[in-house]
Every structure is written in C-alpha cells, then in structure tokens.
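Subject: Structure for your review

Dear colleague,

Please find the structure below, followed by an account of what was found in it. I would be grateful if you would read the two side by side.

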Amino acid sequence: MTLPVSDLAITGLGLVLPCGDGIEPARQNLASGTPCFAELPASLGLGRGAACASFNPVGIIPPMQLRRLDRPSRFAWVAAHQAFEDAGLDPKGDATGAGERMAVAVGTLTGGSEASEAFMRPYLQRGPEGASPLVFPNCVANAASGHLALAFGLKGPSATFVDRENAAFAALEQAVRWLRAGLADVALVIGTDGLFPLLLDVCRGARMLDRHTNPEMGSGRGFLPGEGAQAFLLESREHAAARGVKPRAMLRGLASQSSPGITGDDRARALAGAALALGAVSPDRRIGGANGLSRLDDMEARLAAVHPDWPAAIHPKCLWGEFGGSGGQLLAAALLESADRTLVTAPASSGAQFAALLEGVRLERT
Amino acid sequence: MNHRVVVTGLGIVSSLALDREGTWSAMLTGKDGLGPLTRLALPLEPGQMAGQVAMDPARHQTLCERMALRALDEALDGLQVTGDPSRIGVFQGAGTSGLPVAEAYLEERLAGRRGRAVETAFQSPSTVTDALGRRLGATGPRGTIMNACSSSLLALGQAWEHLAQGELDLAVAGGAESLCRTTYAGFSCLKAVDPQKCRPFSRDRAGLNLGEGAVQLVLETLDGAKARGAVIYSEVLGYGASMDAHHPTAPHPEGEGAARAMAMALRTGHLDASEVDLVSAHGTATPANDGAECLAIRRALGTAAASVSVTSTKSQFGHTLGAAGAFGAAAAILALRDQVVSPTLRLEDPDPICDLDCTPREAKERRIRTALVNAFAFGGNNLSLAFRQWEGR
C-alpha cells in the first residue's frame, strides 16, 4: 500500500543516539562510520551494545520528572525538545491553543518493557509489597506519549505502535494520516527504545546477538542492541511556510507491504514490493535496515541485487544498534546528509515492510 | 473521506461465552462473566475477581493469539477472503499480548533456570497481528497499537481511515487481552482493583475488575459489502482522538480531553449531538473515571446528553484493557442491530455526578440511531468512535 504524500515537510529533528545527543554528533558519526558498541554497564545488561552513555537531560527534563520516567521516555523527551527547537515551535508557550492541533505518534519495540521488568522483578521475589505504584504507569508502551503530552502541552491525537523493527514507520504513517485528514496541524513522530537487562538476556539466550565483533551486513553473526530516540516534526508545506520555517526535507512517499507467510522469500518480496510501490525511484542516497542478522540482511541484499543502479546503502543499525528507535534511526540517518532523493528501506522480522522516499534533504537550512 | 465503511463481521470471545450471540444474549439477560480469578497464582493479593475466559494458551500459542484467531473465524463466518491480498489490512490493539511469556521467562531466570528465550524473543505484541494476517493471506498494511486501554478502539479507527480513503477493500480490526500478573499486580498496587464485582457509575464504586477476551471486526467499504451481498451490522462514521496533557494515569477531572475526542468523533462523522442515542462508555468503575466521563459526555453532547443511554461493558467482562475498546464497540454494534441497550450491572445507587441514564440493572429497548464508543487510557489518551444503525441505505 502506498500512502499518497504530496506536500508534507519535516521541519524539526531531534536525536538521542549512542554517539551523542543532537544532530552534529550524529552527522559526524555517520560520516565516519564508527560503530558505537561497547561493553554495557551491568545496569543495562550483560554483554555488548550501543548505549547512550553521554545522554544528558540536565536543563531539559526537570529533576522531579526525571525520576518518574523510564529510559525510553527520557530519550523521547530530550529528542522532542530538540525537534521543537529545531522547528521553531514552542507548543507550551503558545497561548492560542495550538497544542490541541498537535499530534504525537510513537514507535517503540521496548517501550514499557524496561519498566515491566523493574516492576515484576521485586514483585516475583517479594509479592505485593515489592510492587511500586510509581513504576507501574511506565509499564505501558504509550508511557512516553503521555509524558510528552504533559511536558509539551500536546492535546491532539496520539498513538503508540509496537510493530517490531518498524514501529517508528507505522507511527510515521499514522501521523501522515492525521495531517492529511486535517485532525492536526503538526505531528511529532518519535522512535524510542531503551536497553534493559532482560532484553539482553533474552536476545543472548535466543542466540540473536553477534558475540564476536561489531555487527556487519551479510555476516550472519547476529545483531547488537542499541538505544536512543529520534524525533521528527511533520507539517504541511503551507503550514511551515506560514510559520516561515524551511523544511529539512519533504516526505514524498511512504509505502508498506506485509508478507503472507513467514519465510525469507515472503519477507523479501514484501520489502521489494514496498520499494516498488514508491514508483520509478532513482535515489541518489540509500539508507537500509540491515543489522547483522540474516533475517533482515538477506532482504536488503536481494533488493540491492535487483537494483544495481541504486547507490550502496548505509545501514545505521550496524553503527547504532537494533531497537534504538524501532526504525527511527533509519529516518534520522536519511536526514543527516543533503541529497535530492533519499530512499529508505526498512526490513522487519515480521509485520509490514516499509519504504520511504525523502526529497530535497538539506542539512543546512539557510 | 471518499468511501462509506461498514461492519460486516463480528466475532467475540468473552468470559460470558466463546461466541458472539452467546455473549450478547447473556449480556441482555443481566449475566456477568466475573468470578474468582483462577488463571493466575497471586497468593498474596487480596480478593481476586476477574472476567476469565474458558480457554487456555497452547504450546507456542499465547492465549491472546488463540482467542483472536477464534474471534476472527467467527467474524469471517465462513467468508473466503479473495481478491487482491494487498488490499486487505489487519489492525490490532494490544495490551498484555506476550507478557505472560515474558513473566514466565523472568521467573525462570530468577530461579536460576534457563527459560525459553527463543519463545520470549518472538512473542512481541505484533505476533497476534501477524497471525491474523497469515490466516487471511493478507499482504496489505498491518498495525499494532499499544495505547493501553484505548488500543483496540484506535485499531478500529485505523481500519476505518484506510477503507474510507479507498486504500483497502477489507480490514480486520480489534483486540485481544489475557489476564497476567503484571497488570493485576499493577492495578492492585495503584489501589484501583475492587475485590468484589465492580460497580460502574455507582456512588460506592471502588475500582475495576480485570478481564480478558477478544473481539474482531470485519470492515469493508459499503460498495464492496453490497457487491458480495454481505450482512451489514452497522456503519462506521469516524473517530476522534485527543490527549489530556493532565496526569500520567488520572483522567482530567472534568473530562476536558475526553469531551474533545467525542466532539471530534461527531465532526468526522458529520453527526449532530442530538443524533446520538447511545454511549458505550469506558466506564471502568474507578472513582476517577466514571464521574469525569459523565461530565465529558455532558460537555460533548450538551442538552442531548439528557436523552442518551449510557452503558458499561466493564460490568459484564471486567476491564479488558487492550481489547476494551473493541468490547465497547461490539456492544454498540449489537445494540444498533437489535435496538436494545445492554445493562450496566450492579448499578443500584448511582453517583449523583453520573446523572445520566446509565441503563441500570436491565436491558433497555429503545430507538438507537447512532452510538459513540469511548475508550480512555493511561497517559491521558482518549478515543471515541461513532457507529450508525444500518437501515439498508
């Protein structure tokens, strides 16, 4: 299915990534191609991963609120703060009720899971006296969207998607629908995930992790997990122009296709179908979703073999890890280098495969 | 929106019965599906009352997935889905989903055992969505929403959006929820669980009971449904969505955000408040929700609120969290079909703040042209979906 997108602009970008907070550290890291993996602190899990070690919410999240937030919500808050600043919007300071016209769509694979572990671990050990009423509200995947609504005074529609590796793309699609239907003027799209011990434990137990070195496309050795958040502000070109804001990029197309079965062939056909649905694309830049796990890498490899004319893809998950925004990393990478047409393909181990086309990506906005 | 959207299939797996008509007839005769919780081992929790379904998980298949597939089969009612598979979508609201599997894994690990890591890794919330998609052979869009208690109502809204835009021919939407320790312990520690049977809109309401079950709807464009001679239950008119931006768990005390969601549903559905005859309410029986919701209904419908019937399915099934919106929708759709409102059970002494016709004790026959379905969630997330009686036009 192709979602017709004619005039939607991305006017704000906010990034919390393992390479640092903000656009410039991400741009430099992507350009250098330096993976961000290291041994994790025990509080996040045993093994290697890409943690947001330099994440700094000071001055952005008030200390009283910080204590109440789970890791994905903290990342999302800071990324959203950056995106609003980048777009020149101050929703809470706006006295005209603009917050009622601002939507939030969040994609997350691990949202709520870190809190669920933190809640259930003492409960299973000590019974009801171990249960914390402060932790439980963060056990829902949509905790981040609620915190963002409170933090920024957002009162429009809200949805949280949990479609594995492509949850942020599902969120993007919903945001586009709200804008197109006139249910919101501005949509904040977030991808956010946080590392936590049980996640590492499960992935290691399921033999999904690269145990030897950094993940590499086509290696078949497995992936390494990451964390972080990416925030994107979407609005119509006219709305942006009326505010005097120049877009970072135009979202020209967004397509998804699901596989009817569970084989690699089924999934590869679905990803190719999603890319094909965007029309005769001749991208001058490519972002892909390979992560070192054969299941996803094979889909990207097959796509590249069918389109030898396309430029070689950059695969951000091999730098920043899987789960680090549930697909938001790919959209972020697409916005970190100027290009006329950037094609993003987003393979997933299940559910819908996505492809997106961005036009007129400009890193500098002058 | 360019296309009218209708409901052509409805499947229900509930704590009252494992099928639609069994559930509906039990609701109308005043039965509830609440009883002592036996599925979970929670020895230290006080009085445990829940809406428990007479099904169990199977090996490699969660209870959510089993219930969802059963509800889908009933909703399809023998329909062999043909046509372009890329124009068939699946949209699901998820709540606990694979959480019981993760709980079991954590418990094993705490006990120093290995646990089933592979099964846990692949039990994500979208697993049910994929299972339904495979059953249908669908290659169209899929969405798995986790908006806590409003998840499945937004899934219905998503299906409506796709169909109304002409992007799909058919969609399956709904939700499934199974009881698990995390949610029981969570609501219990928030002091939100009533150890007795819950009493929505009552003066002495003391909290919710948790429940489980699944509801699946088949939605089609009106043209497609007519072309194949489908039985049409009702028409979906549109939805409204909003956030309170008020509190992480408590609703806005005056229902400000909820009222905006309902008003938006009226606008997208091109409805006047005076056309609304039924509100299938969120009605959790928590002290904070029910009063705020009644205020929101008054705010959204104005003077028309005085003649509207309100009902809460929580009194029959408990709070089915991720599936709750779909349960509310099912009650509204069947009420529109049969022109009868299912009762709010145990409503003997209404709270003065809930001064609407909340359909106490007994089902009520009445003219029902349109219905709003409400679902509100943690994070101040509000949804309202509008349905219209199908009169053959």
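Helices (H or I, at least four residues) and strands (E, at least two) are DSSP runs, numbered from the N terminus. This is a predicted model, in which local features need pLDDT of at least 70 and side-chain atom pairs count only at pLDDT 80 or more, while totals for chains, interfaces and linings use all residues. Residues are numbered from 1 along each chain as its sequence is written, and chains are lettered from A and ligands numbered from 1 in the order in which they are written.

Two loop residues of chain B

B:Ala285 sits in the loop between β10 and α10 of chain B. Its phi is positive, at about 80 degrees, although B:Ala285 is not a glycine. A residue is called buried if 20 or more other C-beta atoms lie within 10 Å of its own, exposed if 12 or fewer, and partly exposed in between, with C-beta atoms placed from the backbone. B:Ala285 has 27 C-beta neighbours inside 10 Å and therefore counts as buried.

B:Ser97 is found in the loop between β4 (88–94) and α3 of chain B. This residue, too, is not a glycine and has a positive phi, of about 50 degrees. B:Ser97 counts as buried because it has 33 C-beta neighbours inside 10 Å. As background, most residues other than glycine have a negative phi.

Helix α10 of chain B

Helix α10 (residues 287–301) of chain B has 15 residues and spans 22 Å from its first C-alpha to its last, close to the 21 Å expected at 1.5 Å a residue. The expected span is 1.5 Å times one less than the number of residues in the helix. Eleven of the 15 residues of α10(B) are buried, so the helix is largely enclosed by the rest of the structure. Among them are B:Asn289, B:Asp290, B:Glu293, B:Leu295 and B:Leu301. The buried residues of α10(B) pack against α9, β10 (276–281), β11 (309–312) and β14 (370–377) of chain B.

B:Arg298 also lies in this helix, but it counts as partly exposed because it has 19 C-beta neighbours inside 10 Å. From B:Arg298 to B:Arg361 the separation is 63 residues in sequence and 22 Å in space, C-alpha to C-alpha. Just after α10(B), B:Gly302 takes a positive phi of about 65 degrees.

A sheet in chain B

Three strands of chain B form an open sheet in the order β2-β3-β7, with mixed pairing. Strands pair if DSSP finds at least two bridges between them. The edge strands, each pairing on one side only, are β2 (34–36) and β7 (210–211) of chain B. Between β2(B) and strand β3 (residues 49–51) of chain B the pairing is antiparallel, over three bridges. B:Leu34 has B:Gly51 in β3(B) as its bridge partner.

The two domains of chain A

Chain A is divided into domain 1 (9–243) and domain 2 (250–361), with bounds that come from an automatic or database domain assignment. The C-alpha centres of these two domains of chain A lie 20 Å apart. Their contact takes 53 residues from domain 1 of chain A and 40 residues from domain 2 of chain A; two residues are in contact if their C-beta atoms, placed from the backbone, lie within 7 Å. On the side of domain 1 of chain A that touches domain 2 of chain A, the largest share, six residues, comes from α6(A).

Strands β7(A) and β8(A) pair in the antiparallel sense over eight bridges, and A:Ile190 has A:Ala231 in β8(A) as its bridge partner. Eight of the nine residues of β8(A) are buried.

The largest nonpolar core

A nonpolar core is a set of buried Ala, Val, Leu, Ile, Met, Phe, Trp, Tyr and Cys residues joined through C-beta atoms within 7 Å. The largest has 270 residues, of which A:Ala171 and A:Leu188 touch the most other members. Helix α12 (residues 324–338) of chain B gives the largest share of this core, eleven residues. Domain 1 and domain 2 of chain A both give residues to this core, so it lies between them. Leaving aside neighbours within four places in sequence, the contacts of A:Ala171 include A:Ala105, A:Phe161, A:Val189 and A:Ile190.

The interface between the chains

In all, 57 residues of chain B are in contact with 59 residues of chain A. On the side of chain B that touches chain A, α3(B) gives the most, with six residues.

With kind regards
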